[in-house]
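Hi everyone, thanks for coming. I'd like to walk you through a structure and stop at a few places worth a look.

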Amino acid sequence: MKTLKRVLHPEGHPVWLWGFGETWQDWTAAGVHDDLAELAPLLLHSELRTGIEECALIASPELTTASTLQPGRPGKALCLGKNFAAHAKELGFEPPSELIWFAKLPEVLCGPSEPVQIPSWLDSRVDHEAELVALVGAPLHNATPDECRAGIAAYTLGNDFTARNLQGKDRKQSWPWLRCKNLYTFGPLGPAWIPSSSLPDWDELTIRCEVNGELRQESSLAQFLWKPEEALSEISRWCPLLPGDILFLGTPEGVGPVQDGDLVKVSLNDFAELSNPIVRIEKDS
């Protein structure tokens, strides 16, 4: 299965690599810019990918072993709330009858292996939330579910870290979830984009989350209350979605607290793995 990942060139600039195993092509050298809005349509349309593959050269060994970076900055980063019935119930709520969605600001996202920073002043439990993330590859506005399904370019993994006590306080005051979801680094993303056409059906996919090797979350993605195309269709009624936008698809039951020194790993079958250490920042930088 070929994927698209973003790595750090030894000279200090990001490079996009396309491939699998030990065989990768340097798409940056083929003229692809560091712009997720440009890359999403390439992942969506196989004929565009073929054109780039014909121009790209095999990446050097130093690139194939380079550090993996956040796979691009999205235009909009949106998230689904309570998209698994068991997760809603573990928080004390009935499964929602309408789609719940909110924003994750692009500036707070981070990449694989980057530390998730808990500031010293934050008086709140912080929870992991393992998620699959969809990449929009075509303009979607008032789009049908079928149009949205055809417009999903790729998927990767994400972790929607949440200041849980703060979320409860905001909920009691009828405030939005913006601040509890948008502390700096509270949105790891990666490691690579998997074209949507490469993934099997949802009932064949299982998302997991481990903390220090202990299994915390595990669920079939067949348990989605709203499938990605259904959620995108509803959101597109309210605001246009553009290539390069992303949607966190919700987390299953088993969310729990993390603390300084923990290592959190999210995985999707054997296709992808996203790991991030937790660091408490005693002195704000």
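**Pockets, a cavity and some helices**

The second largest pocket has a volume of about 230 Å³. Before I go on, keep in mind that this is a predicted model. So what lines that second largest pocket? You'll find R149, I152, Y155, S196, L199, P200, D201, W202, K227 and E229 around it. Sort them by class and you get five nonpolar, one polar and four charged residues.

Now for the largest pocket, which holds about 260 Å³ of space. Its lining has 14 residues, and the closest to the centre are T3, W24, P191, A192 and F271. Which elements supply at least two residues each to this lining? They are β1 (3–8), β2 (14–20), β13 (187–195) and β18 (272–281). The largest share comes from β13, with three residues. By class, the lining of the largest pocket divides into eight nonpolar, four polar and two charged residues.

Let's stay with P191 for a moment. P191 sits in strand β13. If you zoom in on the peptide bond from G190 to P191, you'll see that it's cis, with omega near 10°.

Searching the whole structure turns up one cavity of 30 Å³ or more. About 90 Å³ of space lies in that largest cavity. It has 16 lining residues, and K82, H87, E129, W177 and K181 lie nearest its centre. Two elements give two or more residues to this lining, namely β5 (77–81) and α6. Of these, α6 gives the most, with three residues. The lining of the largest cavity divides into four nonpolar, five polar and seven charged residues.

That brings us to helix α6. Which of its residues are buried? Those are R164, L166, Q167 and D170. If you look down the axis of α6, the buried residues fall within an arc of 155°, so they line one face of the helix. Here's a handy bit of background: an α-helix has 3.6 residues a turn, so residues three or four places apart point the same way. The buried residues of α6 pack against β9 (126–127), β12 (162–163) and α7 (178–181).

Let me pick D170 out of that group. D170 lies in α6, which covers residues 164–172. Is D170 buried or exposed? It's buried, because its relative accessible area is 0%. Leaving out residues up to four places away in sequence, D170 touches W175, P176, R179 and C180.

S174 isn't a glycine, yet it has a positive phi of about 60°. At 68% relative accessibility, S174 counts as exposed. N142 is in the loop between β10 and α5, and at 52% relative accessibility N142 counts as exposed.

Now jump to helix α1, residues 36–44. Seven of its nine residues are buried, so the helix is largely enclosed by the rest of the structure. The buried ones are L36, L39, A40, P41, L42, L43 and L44. At the start of α1, a side-chain oxygen of D35 comes to within 2.9 Å of the backbone nitrogen of A37.

One more helix: α8, residues 228–238. Its buried residues are P228, E229, A231, L232, S233, I235 and S236. What covers them? The cover includes β5, β6, β10 (130–136), α5 (145–151), β11 (152–159) and β16 (246–248).

Last stop, L99. You'll find L99 in the loop between α4 (85–90) and β6 (100–103). L99 counts as buried because its relative accessible area is 15%, and the cut-off for buried is under 20%. Apart from neighbours within four places in sequence, L99 is in contact with L80, W226, A231, E234 and I235. Take the pair L99 and I235: they're 136 residues apart along the chain, and their C-alpha atoms are separated by 8.6 Å.

That's my tour, so let's open it up for questions.

Key:
Residues are numbered from 1 along each chain as its sequence is written. This is a predicted model: local features need pLDDT of at least 70, side-chain atom pairs count only at pLDDT 80 or more; totals for chains, interfaces and linings use all residues. Side-chain values use heavy atoms; hydrogens and water are left out. Helices (H or I, at least four residues) and strands (E, at least two) are DSSP runs, numbered from the N terminus. Buried means under 20% relative accessible area, exposed over 50%, partly exposed in between (1.4 Å probe, protein chains only). Contact means heavy atoms within 4.5 Å. A polar contact is a pair of N or O atoms within 3.5 Å; within protein, one must be able to donate a hydrogen and the other to accept it, and residues adjacent in sequence count only if both atoms are side-chain atoms. The arc is that of the directions from the helix axis to the C-beta atoms. On a 1 Å grid over the protein atoms alone, a cavity is a set of points where a 1.4 Å probe fits but cannot get out, and a pocket is an open set with protein on both sides within 12 Å along at least five of seven lines; lining residues have an atom within 4 Å of a point. Grid points are joined across faces, edges and corners, and a volume is the space filled by probe spheres set on the points. Ala, Val, Leu, Ile, Met, Phe, Trp, Tyr, Cys and Pro count as nonpolar, Asp, Glu, Lys and Arg as charged, and the others, Gly among them, as polar.
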